[in-house]
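Subject: Structure handover

Hello,

Here is the structure you will be working with. Please keep it open while you read the notes below.

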Amino acid sequence: MKFKLQVHLPGFFTKWFPAAVWRLPAEEKTVYLTFDDGPVPSVTPWVLDLLHQEQVKATFFAVGENVFRYPELFEQILEEGHAVGNHTYHHLQGLKTNNLEYFKDIELANRLIGSNLFRPPHGWLTRGQYLFLSQKYKIVMWDVISCDYNGNITREEVLDNVLRFVRPGSIITFHDSYKAEEHLRWALPRAIEALKADGYEFRKIEFPKVRRLFITTYLQRIKKLRINFKQLRKWA
Ligand SMILES: [Zn+2]
């Protein structure tokens, strides 16, 4: 038996981050495909072609650095009617990054991405980071992860991770990355086909923009953090 990653997340995760989105309301048989870590040449265009062919809309959590390097791919995602979200500029892990650096990285990414959706790289961030970012962003997690990036599992297991745990309203995570490419190219078309055969429809993730009031508060807090940070440096 091979080790499997967190395909299903334990309940305390969702309680710790109550305003994050793990799954969407499920009156209908709808699922939300999401793709993390792109856009990159060859993988992202391949995903876009497949989605176009299958008439499926999805959500791409882009890494700012990749958007900067491949703006035309990012444009293509938008032109084809998909949703985009922020996945930091340098794919930073919240737990290993101090807050100021983390928030600055996210803001830098958002100058290019311009989204009110945020997904933390590695699926984890501190509660403080979560509370702060929740004021501006809708934090979108998932309830089904394909583990397509995991070289220790087979492509069949990647597909099985999706089909076994999917339910109406599921947010399903794949990766448009080189690491996941081999598994993705095999499992994604099969997952779409099987889900369609099972009567599922696909939608992108959308939330209304957060009110201005929150953004102002958020900016004030950034300013305060900056001042604290400057003082800290003075004392150091
Ligand atoms: Zn990622």
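A contact means heavy atoms within 4.5 Å. In this protein, residues 24 or more positions apart account for 78% of the contacts with a separation of 6 or more.

Some ground rules come next. This is a predicted model, in which local features need pLDDT of at least 70 and side-chain atom pairs count only at pLDDT 80 or more, while totals for chains, interfaces and linings use all residues. Residues are numbered from 1 along each chain as its sequence is written, and side-chain values use heavy atoms, with hydrogens and water left out.

Overall make-up

The protein has 9 helices and 8 strands; these are DSSP runs numbered from the N terminus, with helices being H or I of at least four residues and strands E of at least two. Of its 236 residues, 50% are buried. Buried means under 20% relative accessible area, exposed means over 50%, and partly exposed is in between (1.4 Å probe, protein chains only).

The zinc ion

Which protein residues are the donors of the zinc ion? They are D37 (OD), H87 (NE2) and H91 (NE2), lying 2.1 Å from the ion. Donors are N, O and S atoms within 2.8 Å of the metal (3.2 Å for Na, K and Ca); water is not among the atoms, so sites may look incomplete. Along the chain the donors follow the spacing D-x49-H-x3-H. H87 is buried, because its relative accessibility is 2%, whereas H91 has 25% and counts as partly exposed.

The largest pocket

The volume of the largest pocket is about 390 Å³. A pocket is found on a 1 Å grid over the protein atoms alone, as an open set of points where a 1.4 Å probe fits, with protein on both sides within 12 Å along at least five of seven lines; lining residues have an atom within 4 Å of a point. Grid points are joined across faces, edges and corners, and the volume is the space filled by probe spheres set on the points. There are 23 lining residues, and the closest to the pocket centre are D37, H91, H122, Y149 and H175. Helix 3 (64–69) and strand 7 (171–175) each supply at least two residues of the lining.

Two buried residues

N86 is in strand 3 (residues 83–86). Is N86 buried or exposed? It is buried, because its relative accessible area is 0%. The N86 side chain reaches the backbone nitrogen of T88 at 2.8 Å. Leaving out residues up to four places away in sequence, N86 touches several others, including F61, I106, F118 and Y137.

T44 belongs to helix 2 (residues 43–54) and is also buried, at 0% relative accessibility. Its side chain makes a polar contact with the side chain of D176 at 2.9 Å. A polar contact is a pair of N or O atoms within 3.5 Å; within protein, one must be able to donate a hydrogen and the other to accept it, and residues adjacent in sequence count only if both atoms are side-chain atoms.

The buried residues of helix 7 (residues 155–165) are E157, V158, L159, N161 and V162. They pack against strand 6 (144–145), strand 7 and helix 8 (181–197). P168 lies in the loop between helix 7 and strand 7 and is partly exposed, at 25% relative accessibility. P168 and E28 are 140 residues apart in sequence, yet their C-alpha atoms are 6.6 Å apart in space.

Regards
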